[in-house]
Each structure stands twice: as C-alpha cells, then as structure tokens.
Amino acid sequence: MEFDFATPVDRRHPPEGDWPSQKWHRYGEDVLPLWVADMDFASPPAVIEALQARVAHGVFGYGQVPESLKQAVCDWSVEHYGWAIAPDWQLWLPGVVPALHLASLALTAPGDGVLTVTPIYPPFLRVAEHTGRLPQQAALRAPGAPGEPWRLDLEALEAAITPETRLLLWCQPHNPTGRVWTREELAGLAALVERHDLLVVSDELHCDLLLDEGARHVPLAAAFPGLAYRTLTLWAPSKTFNLAGLTAACAVIPDAGLRRRFAAAAKGLQPDGNVLGLVAAEAAYRHGEPWRQALLETLRDHRRRLVERVARWPGVTLSAPESTYLAWLDLREAPALQGTEASPQRWLLEHVSVALSDGADFGWPGFVRLNFGTTAAQLEAALSRLDGVLKG
Ligand SMILES: Cc1ncc(COP(=O)(O)O)c(C=O)c1O
C-alpha cells in the first residue's frame, strides 16, 4: 500500500478550519518551523478511519481504557520487542511528561535526588524542581571527532550520584541525539542502578522509530530482568503515529507496589482517558505497521539528505541519529556564528527564518535540534536557507 509523505498538509491555514498548532503558529508566516517534535504528516489512514467511526458515535462521555487496547499493546510488545507484558501492568495517562512528574511524586520523597543525563529533552530538567526534589545531572560524552556518536559516560553518571539520589530519568532512544544505546552501555547503566538501589523511569517514546534496517528496540526492563521491578517504562503512539494532540500514553509497571503508588499519586491530578486518544492508540498499534514501515523509509531518506548537507557546512557537526526524526547539531564552531551574542537558534531564526530548538534548553548551549519529520520539499527549503549562511 502507498502512503503519502510528500504532499504538504496545510497546518498554517487549514482550509477546513482555524486549528492552530504549536509548531506552525509560534513564529511568523515567513518562518519554516523545524522545532517541536511532531511531524507534518497525516496519521495512518486506519487511525483516521477509527477516529471517524468514534466521532460518528457522537457521545463523548467518560470512557474507560479498553481491554482490547491493553491487549494490542501486549501484542505489539511481544512482536516488536520480544517482551511479554501483562495487560494489568499498563496504566494509561494523558502524556509522558505528566508520567515523569507523577513518578517523581509517587516514588520519591521531598529532598530526594532525581538524576538525569544532559543533553536531554527539556522537561526532564524541570521534573525535580516542579516536584520539590533535588535536581541532579550528569553530562553525556560528546563526540571526540565528527561522525562519532554521543556516548553514555558512566563515570560521570556515578559521580553525580549522592546518598539522596533515588530516581533516574532515562531516555532510550535518546532525545535529542537520536542514540540507540548499545547493550554494553546499558549493562553498565543497569549495574549502576542496582549498585545504588535506584528506581528508573525509562522514557521509550521514540522506540518505534529506529532508523537503521533491521534494528530492534529492546526495552531497558526487558534487557535486564533484574531491573524490571524497579523500572517504569513509558510508551505512547504519539511520536510514531503523529498523535501527540490526542494525549494518550502508557506507563508499563511490572511491580505491583510501584504500580499502586504511581496510580495513587495520579488520582485527582490527571483526567480520565481521552476517548479519542485511546481509539487512535488501539488502531495505530493494531493496524499502523505498514504505515510505520513507509514512514521509516521516508525518515531514512531525510536523514541521508540532512547528513549530506551538514557535511558541507564547515564547523558544524552532527552524529547521524540512529532513531526518530530529530537531529542534534553542534554549531559552536560555525564561522557565521563567531562573535555573535545570540544563541545559534535565535541567530538562525533572525537571519534565515528557520525555527529550530535551542540547545540551551537541553542543557547544552551552542547546539540546535532540527526536526526532519516533514515533507522533503519543506526540509529542502529549510536546508537551502541554512546553506545560505552555513555553507563554506
Ligand atoms: C523523550 C520525550 N519524552 C516525552 C515527550 C512528550 O511526551 P508527551 O507529549 O506525551 O508528554 C517528548 C516529546 O517530544 C519526548 O521527546
């Protein structure tokens, strides 16, 4: 079956109605937005059809998480990750970021340390503060030379651990670098987690977007069974099937005690399930696979275009992302940016009207994150603008 990832869907001025989006309405009309992490593609036809049927029903009272959705996630997990999970390990909630906060509230006490690595998706950096816990961070090891990957720095991570440290907020695959951590890196992490008796939230939101042919995601809790009973795994169909606005995510918690504590903390702080989000999630997991495969081909092609282009920009480096549609660019040595006060993100916005995400928000100033989950034409237009100032 053919899917269309080339024809632009008008998100700036949809002909059907006035439906502002964060991505397209934050900046002016002349700006090409390659920032917030959603894609410019329509969701899989099977998802749209399921939503149409649910909308036609016309009654949107309080729903319940369908058992059939929980089963669809169990099936997806076995088939794609080789991990047999039980339906009742799943707690559905409106988002992964709320789950990060709830985990901190539920599983730690005021003053406990909440540890993460940088660079990292910005909300990770605010969880501790928002929940009255102690923020703790360790930097990843940046590439030593162009083309090398970002690496987990286990020594730095261990050095950041104090007697207060209780919870690790982990991200695999990693936003913003696109790293898919190696078994060796994860084994070191697992040993460290056990040694310091930590709990882990493993945000695996991007795990169905591994770009290399044949790559297979292994959930942290599945790779190291000793970790399963101290890990909350967060999944959602939102990145893979472009459903972020429908707010449906899933925490997989094998340990009954942790599950009870998490569910108790969630009471009153989050709404009941979004009936449309749950329908979309089930359709995506049951029928979205052919679309996902076609999407991965498109994203591979876009990654190739991007890597080729960045290679022509002196002083700019990128280690090709192994997953998702986000690219993490180091602009600290870019000649055009030398001597400017503005961040690279601000400078590029002002000079070429391309909106990227600012690395400073991820804990690493001088970097930007570029979202290539858009049509080839829009990506090309943005790269041409960037060529104008970054090409040698
Ligand atoms: C790693 C990661 N976690 C969480 C989120 C946000 O998830 P949600 O919209 O479900 O809160 C994102 C969005 O970009 C993300 O990249």
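**Exercise 1.** About how many helical turns separate Arg305 and Asp301 in helix H12?

*Solution.* First, some ground rules. This is a predicted model, where local features need pLDDT of at least 70, side-chain atom pairs count only at pLDDT 80 or more, and totals for chains, interfaces and linings use all residues. Residues are numbered from 1 along each chain as its sequence is written, and side-chain values use heavy atoms, with hydrogens and water left out.

Now find helix H12, residues 289-310 (helices are DSSP runs of H or I, at least four residues, numbered from the N terminus). Arg305 and Asp301 sit four residues apart there, so about one helical turn separates them. They form a salt bridge, with the closest N and O atoms 3.0 Å apart (a side-chain nitrogen of Lys or Arg within 4 Å of a carboxyl oxygen of Asp or Glu).

**Exercise 2.** Work out which parts Glu380 and Arg309 tie together.

*Solution.* Start with the contact: Glu380 and Arg309 make a salt bridge, their closest N and O atoms being 2.9 Å apart.

**Exercise 3.** Is Lys23 buried or exposed?

*Solution.* Take the cut-offs: buried is under 20% relative accessible area, exposed over 50%, partly exposed in between (1.4 Å probe, protein chains only). Lys23 has 1% relative accessibility, so Lys23 is buried. Its salt-bridge partner Asp40, with closest N and O atoms 3.3 Å away, is buried too, at 5%.

Note on methods:
Helices (H or I, at least four residues) and strands (E, at least two) are DSSP runs, numbered from the N terminus.
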